[in-house]
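User: I would like to go through this model with you and ask, term by term, what each description rests on. Please begin with the overall layout once the structure is on screen.

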Amino acid sequence: MKRLAITLCLMAAALLSSQSYARDVTLTTELKNYGGDGAYLAIYLTNAEGQYQRTLWVAGKKSKYYKHLSGWARGSGQRKSEYDGLSGASVTEGKTLTVTLDLPDTYIDAGFQLHVDTAVEDMRDNRNDVVVPFTSEGVDKPNNGRGYIKTFTYSF
C-alpha cells in the first residue's frame with residue numbers, strides 16, 4: 001500500500017512539473033483624440049513566424065465591421081468561436097480599454113507577438129496599429145501606436 005501511495009505521489013509531482021502555468025495578463029490600450037466615432041479593436045497573438053494564433057479581445061459589438069480589422073480578420077477567419085466571450089463595446093476617442101485575461105506562460109519570451117488592429121467608421125483602418133514582442137522585458141513599457149492608439153502596455 002505504501003508503494004502505491006509513493007508511486008501516485010511521484011506521478012502527480014511529475015505531472016504538475018510538466019504542465020505549463022498560466023498567469024493573469026492585463027492589456028491596456030489608450031486611444032488618441034482622433035475626432036471620430038468609437039473605435040473597433042482586435043488584440044491577438046501571432047507566433048514567431050507571424051502566423052495568427054489566438055484572439056485575446058475584440059472591442060466593438062457589430063460583427064459586420066470586423067472585416068475592417070484586416071490582420072485579425074484574415075488570421076481568425078472571423079469565426080465566432082474565435083471571439084465568443086472575448087468581446088465588448090467599441091472604445092471612444094481619448095478613452096482607455098483595459099482587459100485582464102489568463103494566458104499560458106508558454107506565450108511569454110517564446111517569440112510571440114501582440115498585435116492590435118484598429119478601425120473607425122468613415123476613417124482609416126489600421127492593420128498592426130501596434131505590434132510588440134510578448135516578453136518579460138516589455139512589461140509595463142508603453143508602446144506608441146501608428147493610428148488611433150496613443151499607447152499600449154501589458155503587465156503580469
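Analyst: Read along the sequence, the chain of this predicted model follows the pattern α-β-β-β-α-α-β-β-β-β-β-β, which amounts to three helices and nine strands.

User: How confident is the predictor in the chain, and over which residues is the pLDDT below 50?

Analyst: The average pLDDT of the chain is 90, and 87% of the residues score at least 70. Over residues 7-18 the pLDDT is below 50, and this stretch has one contact in the model beyond near neighbours in sequence.

User: What makes strand 4 and strand 7 edge strands?

Analyst: They belong to an open sheet of five strands with mixed pairing, in the order 4-3-2-6-7. Strand 4 (87-88) and strand 7 (125-133) each have a single partner strand, so one side of each is left without a neighbour in the sheet.

User: Why is Thr118 called buried?

Analyst: A residue is called buried when its relative accessible area is under 20%; for Thr118 the value is 0%, so the term applies. Thr118 is found in strand 6, and across the chain, 38% of the 156 residues count as buried.

User: What makes the pairing of the side chains of Thr118 and Asp129 a polar contact?

Analyst: The cut-off for the pair of N or O atoms is 3.5 Å, and the side chains of Thr118 and Asp129 make their polar contact at 2.7 Å, so the distance lies within that limit.

User: Which residues is Thr118 in contact with, leaving aside its neighbours within four places in sequence?

Analyst: The contacts of Thr118 are with Tyr40, Leu41, His68, Leu69, Asp125, Asn126, Asp129, Tyr148 and Ile149. Thr118 and Leu69 are 49 residues apart along the chain, while their C-alpha atoms are separated by 6.0 Å. For the chain, residues 24 or more positions apart account for 63% of the contacts with a separation of 6 or more.

User: Which residues of the largest nonpolar core touch the most other members?

Analyst: Of its 29 residues, these are Leu27, Leu56, Leu114, Phe134 and Phe152. The elements giving two or more residues to this core are strand 1 (22-31), strand 2 (39-46), strand 3 (52-59), strand 5 (96-104), strand 6, strand 7 and strand 9 (149-155). A second, separate core of 11 residues includes Val58, Tyr66, Leu69 and Ala119.

User: What is Phe152 in contact with, leaving aside its neighbours within four places in sequence?

Analyst: Phe152 is in contact with Leu27, Thr28, Thr29, Leu114, Val116, Val130, Val132, Lys141, Pro142 and Asn143; among them, Leu27 and Leu114 are also named with Phe152 as residues that touch the most other members of the largest core.

Conventions. Residues numbered from 1 in each chain as written. Predicted model: local features only at pLDDT ≥ 70, side-chain atom pairs only at ≥ 80, totals over all residues. Heavy atoms only, no water. Pairing = 2+ DSSP bridges. Helix = DSSP H or I, 4+ residues; strand = E, 2+ residues; numbered from the N terminus. Buried < 20%, exposed > 50% of the residue type's maximum accessible area, 1.4 Å probe, protein only. Contact = heavy atoms within 4.5 Å. Core = buried A, V, L, I, M, F, W, Y, C linked by side-chain atoms within 4.5 Å. pLDDT = per-residue confidence, 0-100. Polar contact = N/O pair within 3.5 Å; in protein donor to acceptor, adjacent residues only side chain to side chain.
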